[in-house]
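Dear colleague,

I am handing over the structure below, and after it I set out what was found. Please read the notes alongside the coordinates.

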Amino acid sequence: MPSSSARPAASTPRLIWHGRSRYVRVLGTIRQLQQALWLHRDLLRASSEADRMPLHQDVADAFAALCRRNGGAWIKFAQFLSCRPDLLPPPYIAAFTALREDAPSAHFDDVQPWLEELLGKDWAQTFSAFNIIPVASASIAQVHRACLADGTEVAVKLQLPRVRQEFYEDAAALRALSRVLAPLLREIDLRQVVNQLITTTERELDFTEEARHLEAFAALPHRAGIRVPKVFPQLCSERLLVTEWMEGPSLSQVLESEDDARIRPLLETLLDSTLQQVLEFGLFHADPHPGNFIVTAPDTLAVLDMGAVENLTPEARLQYTALLMRLLGQGEAPLQPLFEAAGFGGVDEARLQALSQALVDAQTRDDTLVDNLRTLMDEFRRLRLVIPDPFVAMVRVLITIGGLMTRHQIPFRMRG
C-alpha cells in the first residue's frame with residue numbers, strides 16, 4: 001500500500017476539491033489558533049509548561065472540536081494522540097480521550113457497490129443472510145451481522161467507501177495545522193509526531209493487518225476466560241474483515257450496570273490476560289478499552305478490534321520490565337544503564353535526578369500504581385526523553401487496565 005507521501009502531485013487539486021468542506025473547517029481552526037497564540041504571546045515566551053497550561057487547554061479544545069466535526073480519519077488522529085501522554089500535556093489527552101468513536105452509519109445503497117467491488121457482483125451468494133443495518137459504526141468502518149452459506153454466524157467489518165480517499169486528503173491538512181501549533185508545543189518534534197500519526201493511521205486502514213493480528217493472538221496459550229474470534233481469511237482484504245460472530249454485551253455495557261458481582265470476575269480476567277500478554281507473550285492488544293471486549297460468559301471475554309497491536313522481542317520485554325519495576329520502587333539497580341539498555345535517549349544525570357525526585361514526591365503522596373505510571377509519562381515528556389514507541393504502548397495499556405481496576409476497587413499489582 002502506498003504511503004501518504006507517495007501520492008502523485010497531479011492528484012492534489014482533486015484531493016483539495018473533494019476535501020474542501022473539511023479544509024474550510026481546518027482553515028477556520030487555524031485562524032482561531034493563530035489569534036489565540038497572538039493574544040497570548042506572552043504565555044508562548046514562558047519557560048514553564050505550567051504557565052502555558054491555560055493556552056494548552058484552549059488549543060486542545062479547539063483541536064478536539066475540529067476532529068469531532070470532520071470525523072473519519074480525524075477521529076483516528078485524535079485517538080492516536082490521546083494515547084501519547086509522553087508527547088502531549090494533560091489537556092490534550094483529556095480532550096482527545098473524550099471524543100467518541102460512534103459515527104453515523106453509511107446507507108446500504110452506498111455499501112452494496114462497495115461489497116460488489118470487494119467480493120464480486122455475486123457477493124450475496126457468500127451469505128445465507130446479511131443484515132443491511134449495521135450493529136456498530138465507527139469513524140472508519142461499520143460492522144454487519146451475517147451468516148455464511150453454511151450457516152456460520154459472522155461479523156462483517158466493512159471499511160467505509162470514502163475513508164481511504166479522505167485520509168489522503170486530510171493528511172496534508174494535518175501537517176499544515178501542526179506547523180501552526182509548533183511554537184506552542186516546542187518541547188516535542190511535532191513534525192515527527194505527525195508523520196508517525198499518519199503512518200500509524202494508514203496501517204490501521206489495512207484490515208489484512210488486523211486479520212494477521214487476530215490469527216497470531218488466537219495461537220497463543222491464553223489463560224481460561226479469553227476467546228479470540230476465528231478469522232475467515234478467504235473473505236478478508238484491505239477493506240473487509242470477516243470473523244466469527246461473538247454473542248453478548250460489550251464489557252462497557254456490563255461496567256455501566258454497576259453489578260459488582262458480575263464485574264469483578266470479568267475485570268480480574270482482563271487484568272490477568274493483559275499481564276500475561278505484556279510480560280509473557282510480548283504480543284499485546286494495544287487498545288484495550290472496554291468497548292473492544294464482548295462478554296460471552298460470566299467470566300469470559302472475547303477480544304475484538306485488533307487493529308492496534310504491539311509486539312515486543314523477548315529482550316525488549318525483559319529490559320522494559322526491569323526498568324519499569326525499578327522506576328516503581330522495586331530494587332536499587334542504577335537507573336542509567338537500565339534506561340540505555342531499554343533504548344531511551346536523552347538520559348543524563350540531571351534528568352535522572354529530576355525524575356527520581358518526582359517519583360519520591362509521588363510516593364509521599366501515597367499515589368496508586370496507575371498514578372505513578374502517569375507521573376512517569378509526564379516526567380518523561382517534560383524532560384524530553386526519547387522513548388521507544390513499544391514502551392509507550394506497554395505503559396499506556398497498563399494505565400488503561402490499572403484505571404479500570406482502581407475504579408472498581410480491584411488490586412492491581414505488577415508481576416516482576
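F63 is buried, its relative accessible area being 6%, where buried means under 20%, exposed over 50% and partly exposed in between, with a 1.4 Å probe and protein chains only. F96 is also buried, at 2% relative accessibility.

This is a predicted model, in which local features need pLDDT of at least 70 and side-chain atom pairs count only at pLDDT 80 or more, while totals for chains, interfaces and linings use all residues. Residues are numbered from 1 along each chain as its sequence is written, and side-chain values use heavy atoms, with hydrogens and water left out.

The structure holds 16 aromatic pairs (rings of Phe, Tyr and Trp, the last by its six-membered ring, with centres within 6.5 Å; planes under 30 degrees apart are stacked, over 60 edge-to-face, the rest tilted). The ring centres of F63 and F96 are 5.4 Å apart with planes at 90°, so this pair is edge-to-face. The pair links distant parts of the chain, with F63 in helix 4 (residues 53-70) and F96 in helix 6 (residues 90-97), 33 residues apart; helices (H or I, at least four residues) and strands (E, at least two) are DSSP runs numbered from the N terminus. Ring pairs also join F63 and F96 with W74, F77, Y92 and F167 in a cluster.

For F108 and F130, the centres lie 6.0 Å apart and the planes at 45°, so the pair is tilted. Since F108 belongs to helix 7 (residues 108-119) and F130 to strand 1 (residues 127-130), the pair ties together parts 22 residues apart in sequence. Both F108 and F130 are buried.
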